[in-house]
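Hi,

Here is the structure I promised to send over. Have a look at it first, and then read on for what turned up.

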Amino acid sequence: VHAADKQWWKTHAADYVLGLLSNSERLVFERVLLVEPELQSFVIDWRQKLQPMSDALPPVQPPDHILPALITNLPLKSGNTTSRQSSPVSSGRSLPAYNAAQPGSATALVPAHGIGKSHYRQPASSFRYHHACRRLSHCRFDRQQTKRYRLVAKLCRAGYRCLFAFGQCGMDGV
Amino acid sequence: MSNTALFELQPQFPQAEKLASLLAKCSDDDEGGLAELYHLTAANLFALQVRILGMNYMAERALHDTYTLIWLRSSEYSEELGEPMPWLTSIARSHALNLKRARRAGKHNATETDQDRDQTSEIGSTSEYADTTFLSHHASTQPLKQSLEQLDINTRDAIVRAYLDGWSIEQLSEAYNKPIASLKSAIHAGMLSLRGQD
């Protein structure tokens, strides 16, 4: 950050933390934020400064059903990547059905019910496995059931180990 | 770096170290860590999300998604990012704000009742939070409370509403009947004076 622009960036960091930037401004700001450590420190400082306001709010107990749902629906973490993951969290419309299956957990190791048996020549690489999971989790469970069926069939043909998907879609007998 | 010193960094949340260790557990795929983190912080984050989104299914969904995000991003957290609580709060806030923006964007095809409910939840609380008395719950909030009280009431109110209620600059300018540009510069001046120096 150039010294002359410091004040400008500081006030914009404040706007960013308060959530007052417009959508396009915010996108630009976030791009710059990724590469400017000094701007990051402005943002961190503003957050720290304003934090007492949200700490002082009277706490509201969330409903009891959230935690169990949260724990059972935790998404896959793809290894120990340090990069920012594009998360499967919904940005507005549909709540994706998160994958409960972890790679290497029991659900992923169940043999196939006949489908695509001959294609299990090699285990899918973790990269492929991960993307298969991601694609499945992006299909909406209720409305796009048929689409999901088709996708599962396609993935099986492609040799993916996507057995976890059957458990998840409730399609065990297919 | 000099600008960190300006902020008199102090532990705002008593369990900062505890939370940091729980985040480390999360990044090691320990679900118990996430559950404990949830027990310690969910009521606070939920309070903020309820302020932003209103007490409805959307706030619940926001909370669910927030902890999912925290789970995924826990390996990104380090001490350089400040204390855990502001980091967690920023994830919760920005996710709630994203949902609110999406809701606002999709409002034109929402039903009548949805619109009515949004109107009342956003405008019905107009006169409620202009004061900063709720800030006196914690001792650590005193410095912020004092510097907020030195601002003029409109600027203070705008900052509190933007931060806690997620009001956009358009909403604020409508509420105070002020042009966006002058409101923004008032907020900038107010924020800089909150910072104490510059």
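One convention before anything else: a crossing is called left-handed if the near helix is turned anticlockwise from the far one by less than a right angle, and right-handed if clockwise. By that rule, α2(A) passes α3(A) in a left-handed crossing. Helices here are DSSP runs of H or I with at least four residues, strands are runs of E with at least two, and both are numbered from the N terminus.

Some housekeeping. This is a predicted model, with local features needing pLDDT of at least 70 and side-chain atom pairs counted only at pLDDT 80 or more, while totals for chains, interfaces and linings use all residues. Residues are numbered from 1 along each chain as its sequence is written, chains are lettered from A and ligands numbered from 1 in the order in which they are written, and side-chain values use heavy atoms, with hydrogens and water left out.

Chain A first. Taking contacts (heavy atoms within 4.5 Å) in chain A with a separation of 6 or more, 62% are between residues 24 or more positions apart.

Back to the helix pair. The axes of α2(A) (residues 23-35) and α3(A) come within 6 Å and cross at roughly 110 degrees; axes are lines fitted to C-alpha atoms, for helices over the stretch in contact, and angles run from 0 to 180 degrees between N-to-C directions. The two are therefore roughly perpendicular (65 to 115 degrees; under 35 is roughly parallel, over 145 roughly antiparallel, the rest oblique). On the α2(A) side, the contact uses Phe29(A), Val32(A), Leu33(A), Leu34(A) and Val35(A), and α3(A) brings Pro37(A), Leu39(A), Gln40(A) and Val43(A).

α3(A) also packs against chain B: its axis lies 10 Å from that of α8(B) (residues 153-165), at about 75 degrees. Leu50(A), Gln51(A), Met53(A) and Ser54(A) meet Ile159(B), Val160(B), Tyr163(B) and Leu164(B) there.

Cheers
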